[in-house]
Amino acid sequence: ATMPAWQQLLAQGNVGVLAPQTQAVQRILSQIHLNRERVRSFNDGSQDPEMEAEASLENVEKLTGTCQRDVVYSKAALLFGSRKNFKRAFEIVDKIEDLNQSLAVKQALYISRAQAEIKNADWKAFRENAEKIISLEQRAIAYVEAAASEGPERDEFLRESVKLTEKFANSKDRAGVFFSVSTITIKSDWQEAIKQLSNAVSNLNKDEPKDEMSFSVPIRVPLSCGGEDTWWGGFSSLPRS
């Protein structure tokens, strides 16, 4: 019997595909599905997610074990943060007992709030939040995003991002940020733009070549108490990086 056309194409496509390539595609698809589900649940326009989060906190103190309580508080705080209700999010974070867990959730909230202040064009509030971001990579990305908005402090934000990027441990991450910085800088200083483009290429050449869909830096907050590895997360990226 003749195979349907789609099966023939699938068979032809699988010829010569190495196992690591198949695994890489599967990882990318899994991440796409995970992000889509997270966006659907966190960006629901109704009040239902917030009501559900508040409901989850009603009996949290009855849970046995600090970790279980901290996971409930973490999920609620991250949900409120994703919906830009940062006042409530930080109220909940203060209830997390484990210091490392509290720090991880706060860092995710500072990143989200810095991005929100860029949209609000509140540069003082943006800087206050950006300076609380411990990750050099995430802080540099925040400054590049702020510079891309064409605000009055654009050049200062670009200089700050370059200083931070030069301290990165990973050459691939340095290349990604420098590429993006060069595309913003070229609007006002083409010589500086060429310099940053050269920095980007130089750093890219230090890394082993590999196929990647885009440049990104992960945001990851653990939400498990042993057993299955569960976490909340996403990625920070930059245009033309």
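How much accessible surface does the chain have, and what share of it belongs to carbon and sulfur atoms? I get about 14,300 Å², with 53% belonging to carbon and sulfur atoms. The areas come from the Shrake-Rupley method with a 1.4 Å probe, and for residues only the protein chains shown count as cover.

Ground rules before I go on. I'm working on a predicted model, where local features need pLDDT of at least 70 and side-chain atom pairs count only at pLDDT 80 or more, while totals for chains, interfaces and linings use all residues. Residues are numbered from 1 along each chain as its sequence is written, and side-chain values use heavy atoms, with hydrogens and water left out.

**Overall layout**

I find 11 helices and 2 strands in the chain; these are DSSP runs numbered from the N terminus, H or I of at least four residues for helices and E of at least two for strands. From the N terminus on, the order is α-α-α-α-α-α-α-α-α-α-α-β-β. Of the 241 residues, 38% count as buried (under 20% relative accessible area; exposed is over 50%, partly exposed in between; 1.4 Å probe, protein chains only). I also looked at contacts (heavy atoms within 4.5 Å): among those between residues at least 6 apart in sequence, 56% join residues at least 24 apart.

**Core**

Next I looked up the largest nonpolar core, which has 54 residues. Such a core is a set of buried Ala, Val, Leu, Ile, Met, Phe, Trp, Tyr and Cys residues joined through side-chain atoms within 4.5 Å. Helix 6 (residues 99-120) gives the largest share of this core, 9 residues. Ile92, Val105, Phe126, Phe157, Val177, Val221 and Trp232 have the most contacts inside the core. Setting aside neighbours within four places in sequence, I see Ile92 touching Leu57, Tyr73, Ala76, Ala77 and Phe80.

**Helix 6 and its partners**

Which way does helix 6 run relative to helix 7? Their axes come within 8 Å and cross at roughly 160°, so I note helix 6 as roughly antiparallel to helix 7. Axes here are lines fitted to C-alpha atoms, for helices over the stretch in contact, and angles run from 0 to 180 degrees between N-to-C directions. Under 35 degrees counts as roughly parallel, over 145 as roughly antiparallel, 65 to 115 as roughly perpendicular, and the rest as oblique. On the helix 6 side I have Tyr110, Arg113, Ala114, Glu117 and Ile118, meeting Trp123, Ala125, Phe126, Asn129 and Ala130 in helix 7.

Helix 8 (residues 136-148) packs on helix 6 at about 10°, with the axes 10 Å apart. That makes helix 6 roughly parallel to helix 8. Ile111, Gln115 and Ile118 of helix 6 make the contact with Gln138, Ala142, Glu145 and Ala146 of helix 8.

Ser102 sits in helix 6 and counts as buried because its relative accessibility is 9%. Beyond neighbours within four places in sequence, I find Ser102 in contact with Val93 and Ile96.

Ser74 lies in helix 4 and is buried, at 0% relative accessible area. Leaving aside neighbours within four places, Ser74 contacts Ile96, Gln101, Val105 and Leu223. I also noted 6.8 Å between the C-alpha atoms of Ser74 and Val93, which are 19 residues apart along the chain.

Lys84 is in the loop between helix 4 (66-82) and helix 5 (86-93). I have Lys84 down as partly exposed, at 48% relative accessible area.
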